[in-house]
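I opened my notebook and started with how helices cross.

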Amino acid sequence: MTLLALMLTVGGSVYLILSLMAARRYLAVPVGKPARLAISILKPLAGADLGLEENLRSFFEQDYAGDFEILFATRTAADPSLPIVRKLQAEFPGVKTQLLEVGEPPYANAKVWSLEHLVSAARHDVLAMADSDIRVSPDFLSTVAVEFADPAVDLATCPYRAVGGPSLWSQLEAAGLNTEFIGGLLVARMLEGVRFAVGPTIVARRAVLAAIGGFPALSRYLAEDFVMGRWAAEKGFGVILSRYTIEHRIGSEPAAKNFAHRLRWNRSTRRSRPAGYIGQVFMNPLPWACWLAFTAWWPVAAGAILLRILAGAYLARRVLRGRWSWLTLPQDFLSLVFWGLGFFGNTIAWRDRRYRLHADGTFTLVKP
């Protein structure tokens, strides 16, 4: 066991060094010239989550000289998010908006069903798909327009800075996302290029969606965001990790819902990238280093723990322009637990429904 812990600690330390190198390369990407592209913002909604009004308001407050519109989709006319949308429409009459009622989805992925309708109704070629728990600064569209002024860029996925709610579990999850998850994105970008997308905010040209079969082709997948990016890269489109960092307001779930959410994410990731999921054991050397701390290899353990703190702080502060938290340390142990649990089971809970995951990453509804 000590030998195994030593191997995983050393391997994890190498990975942390790679994450620092990858972060430096990412930050060195030059910023292009200002541009004025017409952009459609697509917002699928389902319920009034914590902070929804402030999240949506940030899209209405864009400081952008180009043409843009915001489209919202709900399944029913009784959705709790609608009064908030109508309030913002009245407050910002100069912002072009559309509101769609799309009904119940004929397949498991309700978000994809909403996006399918939103894309059909959108007027512009560049489509910014953003979840309801995303908050942006007024320069979001300006930054995206600069990137898409380059004809070689066809799809951009935005890294995100997670902001936890009042609950401890939410804050722990945010600490992990801001240090561990972002490191994985950057290392993947450095080693194999951007052959993925992450769901909270994706910007794509309409031609990309058409080439991969549109949202009907993605409807069977739980991680439709990852599949979208992979298929786009496989077809030769230019996929990048945007230089714009969004703010992901992850809410304040109690322990049971937070654990279900984490388990869903791990089980989905294991099916989307099986080999990469196994490799995640090296992303988290802290638990193994703590084991070594009580052996003759304690200097190796001390170095790995210090490296984990330094790398996490650099990623959180320099890349995501946020802050590092000491909660990262206990979160690393939780992360390892859920990584292990992700190897077992094939069902997930999502928005009060239960689904069955299949080996190819698709999923089907089991019962409400």
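**Helices α6 and α14.** I looked up the axes of α6 and helix α14 (residues 328-341), which come within 9 Å and cross at roughly 90°. I noted that axes are lines fitted to C-alpha atoms, for helices over the stretch in contact, and that angles run from 0 to 180 degrees between N-to-C directions. On the α6 side, the contact includes Trp 169, Leu 172 and Glu 173. On the α14 side, Pro 330, Gln 331 and Leu 334 are among the residues that take part. Contact means heavy atoms within 4.5 Å. By class, I listed five nonpolar, five polar and three charged residues here. Ala, Val, Leu, Ile, Met, Phe, Trp, Tyr, Cys and Pro count as nonpolar, Asp, Glu, Lys and Arg as charged, and the others, Gly among them, as polar.

**How I read the model.** This is a predicted model, where local features need pLDDT of at least 70 and side-chain atom pairs count only at pLDDT 80 or more, while totals for chains, interfaces and linings use all residues. Residues are numbered from 1 along each chain as its sequence is written, and side-chain values use heavy atoms, with hydrogens and water left out. Helices (H or I, at least four residues) and strands (E, at least two) are DSSP runs, numbered from the N terminus.

**Helices α1 and α6.** At what angle do the axes of α1 and α6 cross? Helix α1 (residues 2-27) and helix α6 (residues 168-192) cross at roughly 70°, and their axes come within 8 Å. The two are therefore roughly perpendicular to each other. Tyr 15, Leu 18 and Tyr 26 are among the α1 residues that meet α6. Leu 186, Val 187 and Met 190 are among their α6 counterparts. This contact has nine nonpolar, three polar and three charged residues.

**The seven-strand sheet.** I traced an open sheet with mixed pairing, in the order β3-β2-β1-β4-β8-β6-β9. Two strands pair if DSSP finds at least two bridges between them. The edge strands β3 (96-101) and β9 each pair on one side only. Neighbouring strands are turned by 20° against each other on average, direction ignored. Inside the sheet, β1 (residues 39-44) and β4 (residues 126-130) run parallel and are joined by four bridges. Ile 39 stands opposite Val 126 in β4.

**The three-strand sheet.** This open sheet has the order β5-β10-β7, again with mixed pairing. β5 (134-135) and β7 (160-163) each have a single partner strand, so one side of each is left without a neighbour in the sheet. β7 pairs with β10 (residues 246-249) in the parallel sense over four bridges. His 248 in β10 is the bridge partner of Ala 162.

Which residue has a positive phi although it is not a glycine? I found Arg 321, at about 55°. Arg 321 sits in the loop between α13 (298-319) and α14.

Conventions: Parallel < 35°, antiparallel > 145°, perpendicular 65-115°, else oblique.
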